[in-house]
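Here are my notebook entries from an afternoon with this structure.

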Amino acid sequence: MTLHRDPAAPLGSIAFEQDPIRWMANSATFARPQQQRSKDALSRIITSAVALFSERGFDTTRVSDVAEHAQVPVGTVYKHFADKEALLDAIVAGYRDCRMREITELCTSAQAMAASPRELIQLHLDIVFSAFTVDAGLLRLIERRRLEDASVHQDQSTANETVASLIADRLIQRMPDRDPAELRRQVLYTHSIIRGAVVWSVLPTGGEMGKGLKVTDTDFANEAVRMALRYLGIDD
């Protein structure tokens with residue numbers, strides 16, 4: 001799948017891959033079964049786990065709930081995963097690998113290479129708002145687990161730095177008069193601050209209650225772009 005960003009579409013409209021089975025395409029865990037019947041069962045387990053973890057939360061979802069939803073015996077889940085944590089870890093790893101491939105593709109595309117500094121900031125924040133629009137349930141779960149699991153926290157921090165670095169690379173090319181190290185630092189701050197606000201907007205299950213502060217509110221994304229442009233000294 002080749003992703004393209006439509007500059008005319010509202011921010012938050014990037015069509016990221018939504019099929020958990022495709023997330024897991026390069027996963028050793030997912031590729032292990034040899035028989036098609038076993039692969040089909042594993043596909044249902046993964047899809048059911050993503051749906052239940054996202055909707056009900058990780059702590060309140062039991063392995064038996066996943067098995068019932070996937071229409072497989074509980075033993076089939078345990079055949080592939082040692083426990084509920086191992087199942088979630090496999091899903092998160094597959095999800096993150098898929099998203100980072102897609103984001104890298106967007107940031108190194110011919111469209112990104114030819115983009116103006118303003119368009120690059122729009123791309124940057126479109127990535128952030130799109131991810132939290134389409135993946136709100138799973139990202140809510142990941143962000144909550146960051147508070148308790150150092151490895152999840154480290155993995156997500158590394159992913160954030162990678163996204164900021166991809167955008168900074170493009171801006172440095174388009175703004176040769178700026179100090180590269182300072183511009184890179186400013187892009188990382190921009191990413192961290194605005195993404196942090198977006199994280200908070202989805203942490204409550206019903207979303208932020210403040211007017212215009214839901215991740216799906218167009219004004220939220222547009223104002224974030226304006227703030228980023230001003231902070232980075234890019235003409236609006």
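**Entry 1: the largest pocket**

I began by asking which helix gives the largest share of the lining of the largest pocket. It is α9, with 5 residues. Helices here are DSSP runs (H or I, at least four residues; strands are E, at least two), numbered from the N terminus. The lining holds 15 residues in total. G57, F58, D59, L141 and R144 are the ones that lie nearest the centre of this pocket. Two elements give two or more residues to the lining: α3 (36-56) and α9 (136-146).

I noted a volume of about 240 Å³ for this pocket. For my own reference, a pocket is an open set of points on a 1 Å grid over the protein atoms alone, with protein on both sides within 12 Å along at least five of seven lines. A cavity is a set of points where a 1.4 Å probe fits but cannot get out, and lining residues have an atom within 4 Å of a point. Grid points are joined across faces, edges and corners, and a volume is the space filled by probe spheres set on the points.

I then sorted the lining of the pocket by type: 3 nonpolar, 5 polar and 7 charged. In this sorting, Ala, Val, Leu, Ile, Met, Phe, Trp, Tyr, Cys and Pro are nonpolar, Asp, Glu, Lys and Arg are charged, and the others, Gly among them, are polar.

A reminder to myself on what I am looking at: this is a predicted model, where local features need pLDDT of at least 70 and side-chain atom pairs count only at pLDDT 80 or more, while totals for chains, interfaces and linings use all residues. Residues are numbered from 1 along each chain as its sequence is written, and side-chain values use heavy atoms, with hydrogens and water left out.

**Entry 2: the cavity**

How many cavities of 30 Å³ or more does the structure hold? I found 1. About 210 Å³ of space lies in the largest cavity. It is lined by 16 residues, and I103, A131, Q156, N160 and R195 come closest to its centre.

Helices α6 (84-107), α8 (117-134), α10 (150-174) and α11 each give at least two residues to this lining. The largest share, 5 residues, belongs to α6. By type, I wrote down 10 nonpolar, 3 polar and 3 charged residues for the lining of the cavity.

**Entry 3: on the surface**

Next I looked up a nonpolar patch on the surface, formed by Y189, I193 and Y231. Together they have about 330 Å² of accessible area. Patches take residues with over 30% relative accessible area and no salt bridge; like charges are joined within 9 Å, and nonpolar side chains (Val, Leu, Ile, Met, Phe, Trp, Tyr) within 5 Å. Areas come from the Shrake-Rupley method with a 1.4 Å probe, and for residues only the protein chains shown count as cover.

Y189 sits in helix α11 (residues 180-202). I put Y189 down as partly exposed because its relative accessibility is 43%. The cut-offs are under 20% for buried and over 50% for exposed, with partly exposed in between (1.4 Å probe, protein chains only).

**Entry 4: two loop residues**

Q71 lies in the loop between α4 (63-70) and α5 (74-80). Its phi is near 60°, a positive value in a residue other than glycine. Q71 has 68% relative accessibility, so I noted it as exposed.

N26 is in the loop between α1 (20-23) and α2 (28-31). N26 is exposed too, at 62% relative accessibility. The C-alpha atoms of N26 and G94 are 7.5 Å apart, although 68 residues separate the two along the chain.

**Entry 5: salt bridges**

I found 12 salt bridges in the structure. The test is a side-chain nitrogen of Lys or Arg within 4 Å of a carboxyl oxygen of Asp or Glu.

- D135 and R99 form one, with the closest N and O atoms 2.9 Å apart. It joins distant parts of the chain, 36 residues apart: D135 is in the loop between α8 and α9, R99 in helix α6. Buried or exposed? D135 is buried at 3%, and R99 is buried at 4%.
- R22 and E17 meet at 3.9 Å, N to O. Here R22 is exposed at 52%, whereas E17 is buried at 13%.
- E223 and R226 pair at 2.6 Å. Both lie in helix α12 (residues 218-232), 3 residues apart, about one turn of the helix.
- R56, R62 and D65 are linked in a network of salt bridges.
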